[in-house]
Amino acid sequence: MDFATLLQMLDATVRLATPLLLACLAGLYSERAGIFDIGLEGKMLAAAFLSAAIAAVTGNVWLGLLAGIGASIVLSVVHGLASITFRGNQLISGVAINFLAAGLTVVVAQSWFKQGGRTPQLSGDGRFEPITLPFAEALRDVPIIGPIYYELISGHTPLVYVALLMVPLTWWVLYRTRFGLRLRAVGENPAAVDTAGVSVVFLRYAAVGICGILCGIAGAYLATALQAGFVKDMSAGRGYIALAALIFAKWRPWYALYACMLFGFLQAMALRPDVIERVLSFQVNGQLLDVLPYILTVIILAGFVGKAIPPRAGGEPYVKER
């Protein structure tokens, strides 16, 4: 594999890993607070549809982004009401959100645009365009450093950089702020947090809200940056892959970045089977490459990556003692 091809593969890896990373960090906040969220997939799908729909109607991608975040937050509130306020089963609530989003997005899209459950193609100000970072053009011809900076670091849409910046920000929030300490504590021992006079309900709703915002950005990225419009089931299992990456990362932000990049690289491989065939010197079944990320997801969830211990109070509704 030559250097230029390697850069193309890594560039595709970053683009494909972005929605996984955002969804993975979303799940991290929620699960650190003790709320398991299987509904990442549905939130991303709803956000993808509404962001593309509003961007198509208004021609403004930023309004589309806000709409996508709003759709995801609404589903997060539904999940919060079911699992925090009414103390329902968190897994069932998440699955219900996934089914609701999968069906409702197609029905509304068909009713709204009459294009077989799709939105119109986005163009111009209706979608996010790549950003050329400072000095990228000037350094383009510098050996090694120039191509890396110009092709791999520069040239991504704004939401890619938002996702990457969220990793150190999440680490700082969780491990260097009072809010983060309380958030982690409520996922381990909510009774102790309650005894200290801190609202368990507020912290869990805050975590669910942050999860909704990040899933909204992830869904909007799918429809307005990675692609140019919404199509049926365009999240394509990314929410479940993000959950597997979260378990693989053992609920740690930096490890989440590495895990999502691994899944992104597998997806990039599926898009370039010719490169893999040149490296391996034999023909590779394209369908096998397509399912590699899902195979790895099953392997991770089966527990072959070492023991991953979730937050001790995860999945359990908190009942305040009277």
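Tyr258, at 51% relative accessibility, counts as exposed. This is a predicted model, in which local features need pLDDT of at least 70, side-chain atom pairs count only at pLDDT 80 or more, and totals for chains, interfaces and linings use all residues. Residues are numbered from 1 along each chain as its sequence is written, and side-chain values use heavy atoms, without hydrogens and water.

**Aromatic pairs**
- There are five aromatic pairs, counted when ring centres of Phe, Tyr and Trp (its six-membered ring) lie within 6.5 Å; planes under 30 degrees apart are stacked, over 60 edge-to-face, and the rest tilted.
- Trp62 and Phe128 form an edge-to-face pair, 5.0 Å centre to centre with 90° between the planes.
- This pair links distant parts of the chain, 66 residues apart: Trp62 lies in helix H3 (residues 61-85), and Phe128 in the loop between helix H4 (90-113) and helix H5 (145-153).
- Phe128 is buried, with a relative accessible area of 3%.
- The ring centres of Tyr255 and Tyr258 are 6.4 Å apart and their planes are at 40°, so this pair is tilted.
- Ring pairs also join Phe49, Trp112, Phe113 and Phe230 into a cluster.

**Nonpolar patch**
- Phe3, Leu6, Leu10, Phe135, Leu139, Val142, Ile144 and Ile145 make a nonpolar surface patch of about 700 Å².
- Helix H1 (residues 3-32) gives the largest share of the patch, three residues; helices are DSSP runs (H or I) of at least four residues, numbered from the N terminus.
- Leu10 is found in helix H1 and is partly exposed at 31% relative accessibility.

Key. Patch = residues over 30% accessible without salt bridge, like charges linked within 9 Å, V, L, I, M, F, W, Y side chains within 5 Å. Areas by Shrake-Rupley, 256 points an atom, 1.4 Å probe, with all protein chains shown as cover. Salt bridge = Lys/Arg side-chain N within 4 Å of Asp/Glu carboxyl O. Helix = DSSP H or I, 4+ residues; strand = E, 2+ residues; numbered from the N terminus. Buried < 20%, exposed > 50% of the residue type's maximum accessible area, 1.4 Å probe, protein only.
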